[in-house]
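Take a look at the model before reading on.

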Amino acid sequence: MQKMILDVDTGIDDALAIAYAVSLPTVELLGVTTTYGMAPVDYSCRNSRKILEVLGATDIPVFRGSEKPLQRIREYNGKIHGTDGLGETLGPIEGPVPSSQHAVDFLIEQIYEHKKDLTIVATAPLTNLAAALTKAPEIAGMVGKVVIMGGAVMTPGNVTKFAEANIIIDPEAAGIVLESGMPITLVGLDVTRKTLLTRADAQQWREKGTPESIFFAQFTEFYLDAYSTLHPYLKGCALHDPLAVGVAVYPDLVRTVPMNMKVDLEDNALGRTTEDLYRTTEPTTLVCVQVDAERFMKDFFAHVV
């Protein structure tokens with residue numbers, strides 16, 4: 001069994017990633033750590049617990065993490081994921097969501113306990129991981145694998161012409177993580193835009209008629225509507241975060257190139273993920289450049305809902 005932690009900002013595609021990880025028989029999901037991103041952290045925490053409840057996996061703990069970027073201000077418009085993070089299916093919450101432990105402390109604790117046996121899949125701004133590295137820098141060389149959904153290395157961004165959302169929301173945190181020496185696989189827009197869920201796929205979930213499948217269809221249709229407005233050239237919505245889970249479990253889904261990575265902080269290129277040609281150490285990041293989209297999609301739909 002592959003021991004895994006998901007670090008998420010749930011978020012519609014994070015919800016699909018949680019569902020995928022829970023459904024895979026070779027994955028032991030030790031916990032879900034949450035942060036702000038597509039919604040405030042309390043929403044991310046609530047949403048993650050709701051997804052696990054719907055899946056009958058309430059034994060998996062969820063931990064509340066970072067509330068804001070390391071140095072920047074985060075504003076929410078709800079255009080892509082809804083003001084509640086799940087396509088307006090759950091609505092507002094009234095107050096802070098309790099957590100038995102802070103997400104950053106849980107990450108450090110689990111890395112110490114499981115070391116090379118642990119895989120972390122991060123599908124959110126990298127503030128939790130950056131905070132963990134700042135608090136316990138030694139964990140960079142202890143963890144087995146870190147798979148990050150983020151970046152746009154050889155393709156345009158989805159927030160600016162250079163930057164992908166998870167990176168530009170907290171570029172300082174992303175820089176800390178990508179320059180940490182952790183064994184990282186970077187699953188960016190270079191490959192995630194090739195894995196598309198369509199309206200026909202969501203309709204199949206709706207027609208299945210179970211409470212679980214209808215719920216998933218509802219929030220996925222909101223995501224599809226947003227994509228049709230913001231990214232009309234795509235024929236569906238990208239399964240960014242589920243692909244990161246897929247790559248963590250099936251590394252041969254992708255072709256990768258080893259690179260030393262950095263994150264630009266200059267105003268005219270903020271959040272750009274690019275190769276650091278001036279770093280001469282052996283690269284510890286594998287950048288995904290090609291994906292077997294058909295194989296991934298087949299496996300995803302065989303397991304989710």
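## The sheet

Two strands count as paired if DSSP finds at least two bridges between them. Strand E6 (residues 184–187) and strand E12 (residues 285–291) qualify, pairing in the parallel sense over three bridges. Ile184 sits opposite Thr285 in E12. Keep in mind that this is a predicted model.

Zooming out, E6 and E12 belong to an open sheet of eight strands, ordered E3-E2-E1-E4-E5-E6-E12-E9, with mixed pairing. At the edges you'll find strand E3 (62–64) and strand E9 (254–259); each has a single partner strand, so one side of each has no neighbour in the sheet. From one strand to the next, the twist averages 25 degrees.

## A helix across the strands

Helix H3 (residues 103–114) lies across strand E1 (2–8), strand E2 (27–34), E3 and strand E4 (118–122). Relative to E2, H3 runs at about 150 degrees.

## Helix H9 and its surroundings

H9 has 20 residues and reaches 29 Å from its first C-alpha to its last, close to the 28 Å expected at 1.5 Å a residue. Its buried residues include Phe215, Phe216, Phe219, Tyr223 and Tyr227, but also Ser213, Thr220 and Glu221. What covers the buried residues of H9? The cover includes H1, H2, strand E7 (196–197), helix H8 (199–208), strand E8 (237–238) and helix H10 (240–249).

As for H2 (residues 41–54), it packs with H9 (residues 211–230) at an angle of about 145 degrees, the axes being 10 Å apart. H2 brings Lys50, Ile51 and Val54 to the contact, while H9 brings Glu212, Phe215, Phe216 and Phe219. Sorted by class, that makes five nonpolar, no polar and two charged residues.

In soluble globular proteins, nonpolar side chains tend to be buried together. Here the largest nonpolar core has 60 residues, and the members touching the most others are Met4, Leu6, Leu197, Trp205, Phe216, Phe219 and Phe300. Helix H1 (residues 12–23) supplies the largest share of this core, eight residues.

Which residues does Met4 contact, leaving aside its neighbours within four places in sequence? Among them are Ala21, Val27, Leu29, Leu118, Val121, Ala248 and Val249, along with Glu28 and Thr119.

Key. Residues numbered from 1 in each chain as written. Predicted model: local features only at pLDDT ≥ 70, side-chain atom pairs only at ≥ 80, totals over all residues. Heavy atoms only, no water. Axes fitted to C-alpha atoms, helices over the stretch in contact; angles between N-to-C directions. Helix = DSSP H or I, 4+ residues; strand = E, 2+ residues; numbered from the N terminus. Contact = heavy atoms within 4.5 Å. Nonpolar A, V, L, I, M, F, W, Y, C, P; charged D, E, K, R; others polar. Core = buried A, V, L, I, M, F, W, Y, C linked by side-chain atoms within 4.5 Å. Buried < 20%, exposed > 50% of the residue type's maximum accessible area, 1.4 Å probe, protein only. Expected span 1.5 Å × (residues − 1).
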